[in-house]
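Subject: Handing over a structure

Dear colleague,

I am passing a structure on to you, which you will find just below. Please look through it before reading on.

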Amino acid sequence: MADKLKTEENSQKEVDEDDDIEDIENVDESAKSKKKKKKRKKKKADGDGKKKKKNKKKKGGNGPVKQTTPPSIPISELFPNGNYPEGEVCEYPVVQDMRSAKDRMTDEEKKALEKAQYYLYEEVRQAAEAHRQTRQYMKSIIKPGMLMFDICETLEGISRKLINEKGLEAGLAFPTGCSLNYCAAHYTPNAGDKTVLNYEDVCKIDFGTHVNGHLVDCAFTLTFDNKYDELLKAVKDATNTGIREAGIDVRLCDIGAAIQEVMESYEVELDGKTYQVKSIRNLNGHSVSQYRIHAGKTVPIVKGGEATRMEEGEFYAIETFGSTGKGVVHDDMETSHYMKNFEAGNSAAVRVAKSKQLLQVINQNFGTLAFCRRWLDRIGQSKYLLSLKNLCDVGIIDPYPPLCDIKGSYTAQFEHTILLRPTCKEVLTRGDDY
């Protein structure tokens, strides 16, 4: 019996050993599976990390921001480094008495002077780029049948976005001019104006933008009927002549004479009748300064002007107007443009409370920049016409009514802003279009 019990004990031991081995194997299996799970988790985590990195790379690798259609992204976001496109660079002309900008482009002293003005140049170039992109889009959408009111509102809305409007720090330099046919300048629709753009119309689009008061003033003429082509060609050629002749030490009267000679060398045939294109003698270009659209000097577009010379560092709006009429404009139609007199005081001469209140609104929103009645409507002003008239009567605000040649005539305009840099002349608003 003893032998039988021993055998059973031995067999029981074997069974227990087998169970132990099985348990050990199970533990090993469990440990291995845990390791595998950990590895899988680690791989997943690594993969997720790589994906995130890839996504980050994708986000950062999209390249420069592109403008939308219609334009809506501020120019400052399109050029985040603050280096805005330079305008057309031209050498200065040689004047008769040799007081020219000789060797200025290679003069180290002149280059140093330009570096000191870097921030000023970039601000006005930013304004110029906003103008270029706005006008290029507007040219693509303006069609006969549109209300002039809607054209101006659309243009100004886009321009405000591109310049990133911010009170008096950045915004529109003056109301959008959209003068038609015999009206040469200073027309923009007031509220309720239902004027429609027609196929036969000659439309002058004149608008400006600014950054910290450093502004550009630039205009072009739109037509849909090619019978006006010679009229537009004459005015564009005259404006480019004025730009070419302009420069440091150049006399303003000499520019006017050159412009008139080119302008009046053109003829245009309209409905079987031939007209000489005439320079509008009481309209002219002008110097521009900070927050001041007309800074004191005038650039005539006919001979016989002042012998005043252009000077280094000045900004000029070189604009010319051609007409099939008499070549003289007069005040006509309802006034829409207004501007605070740059030399006027604030409110000493104003005695009417509502007028004082309106002047405060004008000072806060427009300063010495031009504005229009639509803009007063836009900022919530109402029943202001008597107060506005009172401010005009006391000489604090100047009205700028539309300027017209004889009815039945056609007028055209082209304009660019130029900068007389120490080394060269820069046509700030030059674009591929004109």
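What follows is a description of what was found in it.

This is a predicted model, in which local features need pLDDT of at least 70 and side-chain atom pairs count only at pLDDT 80 or more, while totals for chains, interfaces and linings use all residues. Residues are numbered from 1 along each chain as its sequence is written, and side-chain values use heavy atoms, with hydrogens and water left out.

The protein has ten helices and 18 strands, taken as DSSP runs (H or I of at least four residues for helices, E of at least two for strands) and numbered from the N terminus. Of its 434 residues, 47% are buried, where buried means under 20% relative accessible area, exposed over 50% and partly exposed in between, with a 1.4 Å probe and protein chains only.

Strand β2 (residues 170-180) has eleven of its eleven residues buried, and it pairs with strand β4 (residues 203-211) in the antiparallel sense over eight bridges; two strands count as paired if DSSP finds at least two bridges between them. Within this pairing, Gly-177 has Asp-206 of β4 as its bridge partner.

Helix α7 (residues 252-263) has twelve residues and spans 17 Å from its first C-alpha to its last, close to the expected 16 Å, which is 1.5 Å times one less than its number of residues. Nine of the twelve are buried, including Leu-252, Ile-255 and Met-263, and the buried residues of α7 pack against α6 (229-245), β8 (278-279), β10 (298-299) and β11 (315-323).

In the loop between β10 and β11 lies Gly-304, which is exposed at a relative accessible area of 74%. Gly-304 and Ala-257 are 47 residues apart in sequence and 7.2 Å apart in space, C-alpha to C-alpha.

With best wishes

Note on methods
Contact means heavy atoms within 4.5 Å.
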